[in-house]
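These are my notes from one sitting with a single structure. I wrote each entry after looking up one thing.

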Amino acid sequence: MMNRTLYVGWLPLLSFSIAGAQTASISLADAVAKAEVAYPTIRISRSQIDAAAAQVRFARTAYLPRVDGVAQLDRGTHNNVFGPTLPQAVLSPISGPVIDTSFRSAWGSAVGVLVAWEPIDFGQRRASIETAGATKRRAEAAAELTRFQVGAVTADAYLTVVAADATVRAARAAVTRAQVVLESAKALVNSGLRPGADLERAVSENASANLQWIQAEQAAATARVTLAQMIGSDAGVQSAEFVGEAAGKDSASGETVAHPALAEQRRAIDEAKARSAQLDLAYFPKIQLMANLYARGSGARVDSTTGGAIAGIGPNIGNWVAGFQITFPILELPSLRAKREAERKHLEGESARLDLVRLELNAHLEKARVALDSARRMAQQTPILVESARRAEAQMSARYRAGLVTMTEMADVSRTLAQAEIDHSLARLNIWRARLSIAAAEGDLAPFLEAVKQAGGR
(Lines give C-alpha, C1' and ligand atoms only; values in the text may rest on other atoms or scores of the structure.)
Protein backbone atom coordinates (compact mmCIF):
# COMPACT_ATOMS: atom_id res chain seq x y z
CA MET A 1 0.00 0.00 0.00
CA MET A 2 1.07 3.54 -0.67
CA ASN A 3 2.12 5.88 2.07
CA ARG A 4 -1.16 7.58 3.12
CA THR A 5 0.66 10.27 5.15
CA LEU A 6 1.31 12.05 1.88
CA TYR A 7 -2.42 12.84 1.69
CA VAL A 8 -3.05 14.41 5.08
CA GLY A 9 -3.27 17.94 3.65
CA TRP A 10 -5.63 16.80 0.92
CA LEU A 11 -8.23 14.92 2.98
CA PRO A 12 -11.02 17.50 2.32
CA LEU A 13 -10.34 17.33 -1.41
CA LEU A 14 -10.35 13.53 -1.43
CA SER A 15 -13.53 13.41 0.64
CA PHE A 16 -15.19 15.71 -1.88
CA SER A 17 -14.07 13.48 -4.74
CA ILE A 18 -15.29 10.35 -2.96
CA ALA A 19 -18.60 11.99 -2.15
CA GLY A 20 -18.95 13.05 -5.79
CA ALA A 21 -18.31 9.49 -6.90
CA GLN A 22 -21.04 8.19 -4.55
CA THR A 23 -23.74 10.54 -5.78
CA ALA A 24 -26.28 9.36 -8.29
CA SER A 25 -24.96 9.55 -11.83
CA ILE A 26 -26.57 11.58 -14.58
CA SER A 27 -26.31 11.19 -18.34
CA LEU A 28 -24.93 13.92 -20.55
CA ALA A 29 -28.30 14.57 -22.18
CA ASP A 30 -30.03 14.81 -18.79
CA ALA A 31 -27.34 17.16 -17.49
CA VAL A 32 -27.80 19.47 -20.47
CA ALA A 33 -31.59 19.40 -20.13
CA LYS A 34 -31.38 20.15 -16.42
CA ALA A 35 -29.01 23.09 -16.92
CA GLU A 36 -31.21 24.53 -19.66
CA VAL A 37 -34.03 24.75 -17.13
CA ALA A 38 -32.33 25.52 -13.83
CA TYR A 39 -29.38 27.80 -14.63
CA PRO A 40 -30.03 31.40 -13.43
CA THR A 41 -29.27 33.06 -16.78
CA ILE A 42 -32.18 31.10 -18.28
CA ARG A 43 -34.56 32.61 -15.74
CA ILE A 44 -33.10 36.06 -16.43
CA SER A 45 -33.78 35.62 -20.15
CA ARG A 46 -37.35 34.56 -19.45
CA SER A 47 -37.95 37.64 -17.33
CA GLN A 48 -36.63 39.80 -20.17
CA ILE A 49 -39.10 38.16 -22.56
CA ASP A 50 -41.95 38.81 -20.13
CA ALA A 51 -40.89 42.45 -19.79
CA ALA A 52 -40.77 42.84 -23.59
CA ALA A 53 -44.23 41.27 -23.89
CA ALA A 54 -45.54 43.76 -21.34
CA GLN A 55 -44.09 46.58 -23.46
CA VAL A 56 -46.02 45.27 -26.46
CA ARG A 57 -49.24 45.31 -24.44
CA PHE A 58 -48.43 48.82 -23.26
CA ALA A 59 -47.86 50.03 -26.84
CA ARG A 60 -51.25 48.66 -27.88
CA THR A 61 -53.00 50.75 -25.22
CA ALA A 62 -52.19 53.85 -27.33
CA TYR A 63 -55.21 52.98 -29.48
CA LEU A 64 -57.52 53.50 -26.49
CA PRO A 65 -58.96 56.97 -25.82
CA ARG A 66 -57.53 58.94 -22.93
CA VAL A 67 -60.03 59.83 -20.22
CA ASP A 68 -59.01 62.21 -17.42
CA GLY A 69 -61.27 63.19 -14.55
CA VAL A 70 -60.80 65.92 -11.98
CA ALA A 71 -62.55 67.14 -8.87
CA GLN A 72 -61.45 70.16 -6.86
CA LEU A 73 -62.51 72.13 -3.80
CA ASP A 74 -60.62 75.23 -2.70
CA ARG A 75 -60.92 78.50 -0.82
CA GLY A 76 -58.98 81.61 -1.68
CA THR A 77 -59.13 85.23 -2.78
CA HIS A 78 -60.95 86.06 -5.99
CA ASN A 79 -58.94 88.98 -7.39
CA ASN A 80 -58.49 88.90 -11.14
CA VAL A 81 -55.87 90.69 -13.28
CA PHE A 82 -56.40 91.56 -16.90
CA GLY A 83 -53.72 90.48 -19.37
CA PRO A 84 -51.93 87.28 -20.43
CA THR A 85 -49.17 85.32 -18.74
CA LEU A 86 -46.69 82.96 -20.26
CA PRO A 87 -47.43 79.24 -19.92
CA GLN A 88 -46.08 78.02 -16.60
CA ALA A 89 -46.84 75.72 -13.68
CA VAL A 90 -46.54 78.17 -10.75
CA LEU A 91 -49.37 80.75 -10.93
CA SER A 92 -52.88 79.48 -10.27
CA PRO A 93 -55.25 80.28 -13.16
CA ILE A 94 -58.32 82.47 -12.49
CA SER A 95 -61.21 83.66 -14.63
CA GLY A 96 -63.70 86.51 -14.48
CA PRO A 97 -63.67 90.28 -14.82
CA VAL A 98 -61.20 92.62 -13.16
CA ILE A 99 -62.45 93.77 -9.75
CA ASP A 100 -61.10 95.78 -6.85
CA THR A 101 -58.30 94.22 -4.89
CA SER A 102 -59.58 92.51 -1.78
CA PHE A 103 -58.35 89.92 0.67
CA ARG A 104 -61.77 88.41 1.13
CA SER A 105 -61.96 84.75 0.22
CA ALA A 106 -64.64 82.46 -1.13
CA TRP A 107 -65.17 78.81 -1.81
CA GLY A 108 -64.56 77.42 -5.26
CA SER A 109 -65.22 73.97 -6.68
CA ALA A 110 -64.88 72.17 -9.99
CA VAL A 111 -65.51 68.73 -11.45
CA GLY A 112 -65.03 67.56 -14.99
CA VAL A 113 -63.95 64.87 -17.42
CA LEU A 114 -61.81 65.16 -20.57
CA VAL A 115 -61.83 62.53 -23.31
CA ALA A 116 -59.08 62.60 -25.96
CA TRP A 117 -58.62 60.16 -28.81
CA GLU A 118 -56.43 60.09 -31.91
CA PRO A 119 -58.56 59.08 -34.92
CA ILE A 120 -55.59 59.56 -37.25
CA ASP A 121 -51.99 58.87 -36.25
CA PHE A 122 -50.27 58.39 -39.65
CA GLY A 123 -49.09 54.92 -38.56
CA GLN A 124 -47.25 56.13 -35.44
CA ARG A 125 -49.01 53.77 -33.02
CA ARG A 126 -48.57 50.80 -35.32
CA ALA A 127 -44.87 51.63 -35.64
CA SER A 128 -44.59 51.80 -31.86
CA ILE A 129 -46.21 48.37 -31.53
CA GLU A 130 -43.95 46.93 -34.22
CA THR A 131 -40.90 48.29 -32.41
CA ALA A 132 -42.04 46.71 -29.15
CA GLY A 133 -42.72 43.46 -31.00
CA ALA A 134 -39.26 43.51 -32.55
CA THR A 135 -37.76 44.02 -29.09
CA LYS A 136 -39.74 41.03 -27.81
CA ARG A 137 -38.63 38.83 -30.69
CA ARG A 138 -35.02 39.81 -30.05
CA ALA A 139 -35.45 38.93 -26.37
CA GLU A 140 -36.82 35.53 -27.39
CA ALA A 141 -33.88 34.96 -29.74
CA ALA A 142 -31.46 36.05 -27.00
CA ALA A 143 -33.11 33.61 -24.59
CA GLU A 144 -32.72 30.80 -27.11
CA LEU A 145 -29.05 31.73 -27.57
CA THR A 146 -28.55 31.74 -23.80
CA ARG A 147 -30.23 28.34 -23.50
CA PHE A 148 -28.01 26.93 -26.23
CA GLN A 149 -24.85 28.39 -24.69
CA VAL A 150 -25.74 27.00 -21.27
CA GLY A 151 -26.28 23.58 -22.84
CA ALA A 152 -22.96 23.71 -24.67
CA VAL A 153 -21.06 24.83 -21.57
CA THR A 154 -22.73 22.08 -19.52
CA ALA A 155 -21.79 19.44 -22.09
CA ASP A 156 -18.21 20.68 -22.05
CA ALA A 157 -18.17 20.61 -18.23
CA TYR A 158 -19.50 17.06 -18.33
CA LEU A 159 -16.76 15.95 -20.73
CA THR A 160 -14.22 17.70 -18.51
CA VAL A 161 -15.35 15.58 -15.56
CA VAL A 162 -15.13 12.40 -17.64
CA ALA A 163 -11.63 13.34 -18.81
CA ALA A 164 -10.55 14.23 -15.28
CA ASP A 165 -11.78 10.87 -13.98
CA ALA A 166 -9.88 9.09 -16.74
CA THR A 167 -6.73 10.98 -15.77
CA VAL A 168 -7.26 10.01 -12.13
CA ARG A 169 -7.47 6.33 -13.07
CA ALA A 170 -4.27 6.55 -15.10
CA ALA A 171 -2.50 8.41 -12.29
CA ARG A 172 -3.66 5.80 -9.79
CA ALA A 173 -2.24 3.03 -11.98
CA ALA A 174 1.06 4.91 -12.16
CA VAL A 175 1.13 5.11 -8.35
CA THR A 176 0.61 1.35 -8.13
CA ARG A 177 3.50 0.69 -10.51
CA ALA A 178 5.72 3.17 -8.67
CA GLN A 179 4.98 1.34 -5.40
CA VAL A 180 5.96 -1.98 -6.99
CA VAL A 181 9.22 -0.45 -8.25
CA LEU A 182 9.87 0.99 -4.79
CA GLU A 183 9.39 -2.39 -3.13
CA SER A 184 11.65 -4.04 -5.70
CA ALA A 185 14.37 -1.41 -5.24
CA LYS A 186 14.12 -1.73 -1.46
CA ALA A 187 14.62 -5.49 -1.65
CA LEU A 188 17.58 -5.19 -4.02
CA VAL A 189 19.25 -2.48 -1.95
CA ASN A 190 18.75 -4.37 1.29
CA SER A 191 20.33 -7.45 -0.28
CA GLY A 192 23.29 -5.41 -1.47
CA LEU A 193 22.58 -5.96 -5.14
CA ARG A 194 21.87 -2.28 -5.79
CA PRO A 195 23.33 0.94 -4.41
CA GLY A 196 21.35 3.00 -1.90
CA ALA A 197 20.93 5.74 -4.51
CA ASP A 198 18.48 3.46 -6.37
CA LEU A 199 16.22 3.34 -3.33
CA GLU A 200 16.26 7.09 -2.98
CA ARG A 201 15.41 7.48 -6.67
CA ALA A 202 12.58 4.98 -6.30
CA VAL A 203 11.25 6.93 -3.30
CA SER A 204 11.42 10.13 -5.34
CA GLU A 205 9.57 8.55 -8.30
CA ASN A 206 6.92 7.18 -5.94
CA ALA A 207 6.41 10.62 -4.40
CA SER A 208 6.23 12.17 -7.86
CA ALA A 209 3.55 9.67 -8.92
CA ASN A 210 1.58 10.45 -5.75
CA LEU A 211 1.79 14.17 -6.45
CA GLN A 212 0.43 13.62 -9.97
CA TRP A 213 -2.40 11.58 -8.49
CA ILE A 214 -3.20 14.40 -6.06
CA GLN A 215 -3.21 16.93 -8.88
CA ALA A 216 -5.48 14.68 -10.92
CA GLU A 217 -7.87 14.37 -7.96
CA GLN A 218 -7.86 18.14 -7.57
CA ALA A 219 -8.68 18.65 -11.24
CA ALA A 220 -11.50 16.11 -11.02
CA ALA A 221 -12.97 17.77 -7.93
CA THR A 222 -12.78 21.20 -9.56
CA ALA A 223 -14.46 19.86 -12.70
CA ARG A 224 -17.30 18.45 -10.57
CA VAL A 225 -17.78 21.82 -8.90
CA THR A 226 -18.20 23.42 -12.34
CA LEU A 227 -20.68 20.75 -13.44
CA ALA A 228 -22.63 21.07 -10.19
CA GLN A 229 -22.80 24.83 -10.74
CA MET A 230 -24.37 24.30 -14.15
CA ILE A 231 -26.97 21.68 -13.18
CA GLY A 232 -27.65 22.95 -9.67
CA SER A 233 -26.69 19.75 -7.81
CA ASP A 234 -23.89 17.24 -7.32
CA ALA A 235 -24.01 14.27 -9.66
CA GLY A 236 -21.70 11.64 -11.03
CA VAL A 237 -21.05 11.18 -14.73
CA GLN A 238 -21.66 8.11 -16.86
CA SER A 239 -18.30 7.43 -18.46
CA ALA A 240 -19.75 4.38 -20.23
CA GLU A 241 -21.48 6.76 -22.62
CA PHE A 242 -18.12 7.35 -24.28
CA VAL A 243 -16.81 3.81 -24.64
CA GLY A 244 -17.42 3.96 -28.37
CA GLU A 245 -18.18 6.40 -31.12
CA ALA A 246 -21.49 6.34 -32.95
CA ALA A 247 -21.32 5.95 -36.68
CA GLY A 248 -22.86 8.45 -39.04
CA LYS A 249 -22.63 12.14 -39.60
CA ASP A 250 -21.03 14.38 -37.02
CA SER A 251 -23.76 16.96 -37.34
CA ALA A 252 -27.15 17.67 -38.81
CA SER A 253 -26.32 20.41 -41.29
CA GLY A 254 -22.62 21.03 -41.55
CA GLU A 255 -23.41 24.76 -41.64
CA THR A 256 -23.82 27.63 -39.20
CA VAL A 257 -26.81 29.36 -40.85
CA ALA A 258 -29.24 28.16 -38.14
CA HIS A 259 -27.04 29.12 -35.19
CA PRO A 260 -28.94 30.93 -32.40
CA ALA A 261 -26.28 33.66 -32.37
CA LEU A 262 -27.08 34.51 -35.98
CA ALA A 263 -30.81 34.41 -35.27
CA GLU A 264 -30.38 36.76 -32.32
CA GLN A 265 -28.30 39.17 -34.38
CA ARG A 266 -30.88 39.17 -37.18
CA ARG A 267 -33.51 40.07 -34.61
CA ALA A 268 -31.26 42.92 -33.45
CA ILE A 269 -31.20 44.21 -37.01
CA ASP A 270 -35.00 43.95 -37.23
CA GLU A 271 -35.30 45.90 -33.99
CA ALA A 272 -33.05 48.67 -35.32
CA LYS A 273 -35.10 48.83 -38.52
CA ALA A 274 -38.32 49.11 -36.51
CA ARG A 275 -36.92 51.98 -34.43
CA SER A 276 -35.79 53.74 -37.59
CA ALA A 277 -39.25 53.36 -39.14
CA GLN A 278 -40.82 54.75 -35.97
CA LEU A 279 -38.57 57.81 -36.13
CA ASP A 280 -39.57 58.36 -39.77
CA LEU A 281 -43.14 58.96 -38.57
CA ALA A 282 -42.29 61.09 -35.54
CA TYR A 283 -42.58 64.44 -37.39
CA PHE A 284 -46.20 63.95 -38.39
CA PRO A 285 -48.70 66.11 -36.46
CA LYS A 286 -50.78 64.70 -33.62
CA ILE A 287 -54.51 64.99 -34.28
CA GLN A 288 -56.85 64.51 -31.33
CA LEU A 289 -60.60 64.44 -31.05
CA MET A 290 -61.38 65.98 -27.65
CA ALA A 291 -64.53 66.39 -25.57
CA ASN A 292 -64.70 68.13 -22.21
CA LEU A 293 -67.61 68.18 -19.77
CA TYR A 294 -67.20 70.14 -16.57
CA ALA A 295 -68.95 72.20 -13.91
CA ARG A 296 -67.70 74.93 -11.59
CA GLY A 297 -68.94 76.66 -8.52
CA SER A 298 -67.73 79.89 -6.91
CA GLY A 299 -68.76 81.97 -3.92
CA ALA A 300 -67.32 85.14 -5.55
CA ARG A 301 -69.62 87.61 -7.32
CA VAL A 302 -68.94 90.07 -10.14
CA ASP A 303 -69.43 93.06 -7.82
CA SER A 304 -66.52 91.72 -5.65
CA THR A 305 -68.86 90.53 -2.90
CA THR A 306 -69.14 86.90 -1.76
CA GLY A 307 -72.07 84.64 -1.13
CA GLY A 308 -72.99 82.75 1.98
CA ALA A 309 -70.76 80.57 4.13
CA ILE A 310 -71.13 77.55 1.88
CA ALA A 311 -71.57 79.33 -1.43
CA GLY A 312 -69.34 77.79 -4.12
CA ILE A 313 -68.79 74.46 -2.35
CA GLY A 314 -70.89 72.64 -4.90
CA PRO A 315 -70.26 73.08 -8.65
CA ASN A 316 -73.48 74.54 -10.09
CA ILE A 317 -72.47 76.01 -13.46
CA GLY A 318 -71.89 73.43 -16.16
CA ASN A 319 -70.23 73.63 -19.58
CA TRP A 320 -69.17 71.33 -22.33
CA VAL A 321 -66.85 71.69 -25.28
CA ALA A 322 -65.81 69.37 -28.13
CA GLY A 323 -63.53 69.65 -31.11
CA PHE A 324 -60.27 68.69 -32.83
CA GLN A 325 -56.81 69.64 -31.69
CA ILE A 326 -53.68 69.46 -33.84
CA THR A 327 -50.21 69.74 -32.36
CA PHE A 328 -47.16 69.89 -34.58
CA PRO A 329 -43.46 69.65 -33.52
CA ILE A 330 -42.37 72.61 -35.59
CA LEU A 331 -38.75 72.90 -34.47
CA GLU A 332 -38.07 69.20 -33.74
CA LEU A 333 -37.10 68.36 -37.33
CA PRO A 334 -33.32 68.90 -36.79
CA SER A 335 -33.32 66.73 -33.67
CA LEU A 336 -35.37 64.02 -35.41
CA ARG A 337 -32.94 64.07 -38.34
CA ALA A 338 -30.05 63.58 -35.92
CA LYS A 339 -31.87 60.70 -34.23
CA ARG A 340 -32.61 59.04 -37.58
CA GLU A 341 -28.95 59.39 -38.59
CA ALA A 342 -27.84 57.85 -35.29
CA GLU A 343 -30.28 54.99 -35.77
CA ARG A 344 -29.07 54.46 -39.32
CA LYS A 345 -25.49 54.16 -38.08
CA HIS A 346 -26.67 51.79 -35.36
CA LEU A 347 -28.33 49.65 -38.04
CA GLU A 348 -25.09 49.60 -40.05
CA GLY A 349 -23.23 48.48 -36.95
CA GLU A 350 -25.70 45.67 -36.26
CA SER A 351 -25.39 44.50 -39.88
CA ALA A 352 -21.60 44.49 -39.60
CA ARG A 353 -21.87 42.56 -36.35
CA LEU A 354 -23.94 39.92 -38.14
CA ASP A 355 -21.12 39.47 -40.65
CA LEU A 356 -18.64 39.23 -37.78
CA VAL A 357 -20.67 36.58 -35.95
CA ARG A 358 -21.00 34.59 -39.17
CA LEU A 359 -17.23 34.73 -39.79
CA GLU A 360 -16.43 33.69 -36.22
CA LEU A 361 -18.84 30.75 -36.33
CA ASN A 362 -17.50 29.55 -39.68
CA ALA A 363 -13.93 29.78 -38.36
CA HIS A 364 -14.94 27.89 -35.21
CA LEU A 365 -16.57 25.20 -37.34
CA GLU A 366 -13.50 24.75 -39.53
CA LYS A 367 -11.20 24.58 -36.51
CA ALA A 368 -13.47 21.99 -34.90
CA ARG A 369 -13.41 19.86 -38.04
CA VAL A 370 -9.61 19.99 -38.10
CA ALA A 371 -9.53 19.06 -34.41
CA LEU A 372 -11.89 16.12 -35.03
CA ASP A 373 -9.75 14.78 -37.84
CA SER A 374 -6.60 15.07 -35.72
CA ALA A 375 -8.30 13.49 -32.69
CA ARG A 376 -9.42 10.49 -34.71
CA ARG A 377 -5.96 9.98 -36.15
CA MET A 378 -4.40 10.29 -32.69
CA ALA A 379 -6.90 7.81 -31.26
CA GLN A 380 -5.61 5.26 -33.78
CA GLN A 381 -2.04 5.68 -32.52
CA THR A 382 -2.50 5.77 -28.74
CA PRO A 383 -3.30 2.04 -28.37
CA ILE A 384 -0.07 1.25 -30.18
CA LEU A 385 1.79 3.69 -27.93
CA VAL A 386 0.34 2.16 -24.74
CA GLU A 387 1.01 -1.41 -25.77
CA SER A 388 4.59 -0.57 -26.73
CA ALA A 389 5.16 1.32 -23.47
CA ARG A 390 3.78 -1.57 -21.41
CA ARG A 391 6.06 -4.08 -23.10
CA ALA A 392 9.02 -1.75 -22.63
CA GLU A 393 8.14 -1.28 -18.95
CA ALA A 394 7.88 -5.03 -18.39
CA GLN A 395 11.18 -5.68 -20.11
CA MET A 396 12.88 -2.82 -18.29
CA SER A 397 11.56 -4.06 -14.96
CA ALA A 398 12.98 -7.52 -15.59
CA ARG A 399 16.30 -6.07 -16.73
CA TYR A 400 16.42 -3.87 -13.64
CA ARG A 401 15.89 -6.83 -11.32
CA ALA A 402 18.66 -8.60 -13.24
CA GLY A 403 20.95 -5.61 -12.69
CA LEU A 404 21.25 -4.78 -16.38
CA VAL A 405 19.79 -1.21 -16.32
CA THR A 406 19.83 1.69 -13.90
CA MET A 407 16.96 3.10 -11.85
CA THR A 408 17.07 6.24 -14.03
CA GLU A 409 16.27 4.18 -17.13
CA MET A 410 13.53 2.36 -15.24
CA ALA A 411 11.99 5.63 -14.09
CA ASP A 412 12.01 7.07 -17.63
CA VAL A 413 10.13 4.07 -18.97
CA SER A 414 7.58 4.22 -16.14
CA ARG A 415 6.88 7.89 -16.80
CA THR A 416 6.53 7.18 -20.51
CA LEU A 417 3.96 4.46 -19.77
CA ALA A 418 2.01 6.73 -17.41
CA GLN A 419 1.82 9.49 -20.00
CA ALA A 420 0.87 7.01 -22.72
CA GLU A 421 -2.01 5.70 -20.60
CA ILE A 422 -3.25 9.23 -19.93
CA ASP A 423 -3.03 10.10 -23.64
CA HIS A 424 -4.89 6.92 -24.52
CA SER A 425 -7.65 7.54 -21.98
CA LEU A 426 -8.17 11.06 -23.34
CA ALA A 427 -7.85 10.25 -27.04
CA ARG A 428 -11.47 9.15 -27.59
CA LEU A 429 -12.75 11.88 -25.31
CA ASN A 430 -10.93 14.39 -27.50
CA ILE A 431 -12.99 13.05 -30.41
CA TRP A 432 -16.15 13.78 -28.46
CA ARG A 433 -14.88 17.22 -27.53
CA ALA A 434 -14.27 17.99 -31.19
CA ARG A 435 -17.74 16.75 -32.09
CA LEU A 436 -19.18 18.97 -29.37
CA SER A 437 -17.26 21.92 -30.84
CA ILE A 438 -18.78 21.19 -34.24
CA ALA A 439 -22.28 21.05 -32.75
CA ALA A 440 -21.63 24.29 -30.87
CA ALA A 441 -20.51 26.02 -34.07
CA GLU A 442 -23.54 24.77 -35.99
CA GLY A 443 -25.96 25.78 -33.26
CA ASP A 444 -27.59 22.40 -32.65
CA LEU A 445 -26.63 20.00 -29.85
CA ALA A 446 -29.29 17.40 -30.65
CA PRO A 447 -27.19 15.33 -33.13
CA PHE A 448 -24.29 15.31 -30.70
CA LEU A 449 -26.44 14.19 -27.76
CA GLU A 450 -28.02 11.48 -29.90
CA ALA A 451 -24.57 10.24 -30.94
CA VAL A 452 -23.56 10.01 -27.28
CA LYS A 453 -26.64 7.89 -26.53
CA GLN A 454 -25.88 5.57 -29.43
CA ALA A 455 -22.23 5.21 -28.41
CA GLY A 456 -23.19 4.33 -24.84
CA GLY A 457 -25.84 1.86 -25.91
CA ARG A 458 -28.62 3.92 -24.41
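I first needed the meaning of a word: a residue is buried when its relative accessible area is under 20%. I also noted that the model I am reading is a predicted one. With that cut-off I went to strand 2, residues 66-77, and asked how many of its 12 residues are buried. The count is 0, so by the cut-off of 20% strand 2 is hardly covered. I then looked up the partner of strand 2 and found strand 3, residues 105-117. The two pair in the antiparallel sense, over 12 bridges. In this pairing V67 stands opposite V115 of strand 3.

I repeated the search for strand 6, which covers residues 317-327. The count of buried residues among its 11 residues is 0, and strand 6 too is hardly covered.

Which residues form a nonpolar patch on the surface? I wrote down V67, V113, V115, L293 and W320. Together they have about 500 Å² of accessible area. I checked W320, which lies in strand 6. W320 counts as exposed because its relative accessibility is 69%, and the cut-off for exposed is over 50%.

I turned to the inside and looked up the largest nonpolar core, which has 44 residues. Those with the most contacts inside this core are L28, Y158, L227, F242, W432, L445 and F448. Which helices each supply at least two residues of this core? I listed helix 2 (28-38), helix 4 (124-190), helix 5 (196-231), helix 8 (407-442) and helix 9 (446-455). Helix 4 gives the most, with 16 residues.

I took F448 as a case to follow. Not counting residues up to four places away in sequence, F448 touches L28, L159, W432, R435, L436 and A439. Another core lies apart from the largest one and has 13 residues, including L182, A185, M396 and M410.

I found A434 in helix 8. Is A434 buried or exposed? A434 is buried, because its relative accessible area is 4%. Leaving aside neighbours within four places in sequence, A434 is in contact with A368, A371 and L372.

For contrast I picked N190, which has its place in helix 4. N190 is exposed, with a relative accessible area of 61%. N190 and Y158 are 32 residues apart along the chain, and their C-alpha atoms are separated by 48 Å.

I stopped at F122 in the loop between strand 3 and helix 4. F122 is not a glycine, yet its phi is positive, about 55°. Its relative accessible area is 34%, so F122 is partly exposed.

I counted 28 salt bridges. The side chains of D156 and R433 meet in one of them, at 2.8 Å from N to O. This pair links distant parts of the chain, with D156 in helix 4 and R433 in helix 8, 277 residues apart. D156 counts as partly exposed at 35% relative accessibility, and R433 counts as partly exposed at 24%.

E341 and R344 meet in a salt bridge at 2.6 Å, N to O. Both lie in helix 7, residues 333-401, and they are 3 residues apart, about one turn of the helix.

R390 and E421 form a salt bridge at 3.6 Å, N to O. R390 lies in helix 7 and E421 in helix 8, so the pair ties together parts that are 31 residues apart in sequence. R390 counts as partly exposed at 43% relative accessibility, whereas E421 counts as buried at 12%.

My last item was a network of salt bridges, which links R138, E264, E271, R275 and E343.

Definitions and conventions: Residues numbered from 1 in each chain as written. Predicted model: local features only at pLDDT ≥ 70, side-chain atom pairs only at ≥ 80, totals over all residues. Heavy atoms only, no water. Patch = residues over 30% accessible without salt bridge, like charges linked within 9 Å, V, L, I, M, F, W, Y side chains within 5 Å. Areas by Shrake-Rupley, 256 points an atom, 1.4 Å probe, with all protein chains shown as cover. Salt bridge = Lys/Arg side-chain N within 4 Å of Asp/Glu carboxyl O. Helix = DSSP H or I, 4+ residues; strand = E, 2+ residues; numbered from the N terminus. Buried < 20%, exposed > 50% of the residue type's maximum accessible area, 1.4 Å probe, protein only. Core = buried A, V, L, I, M, F, W, Y, C linked by side-chain atoms within 4.5 Å. Contact = heavy atoms within 4.5 Å. Pairing = 2+ DSSP bridges.
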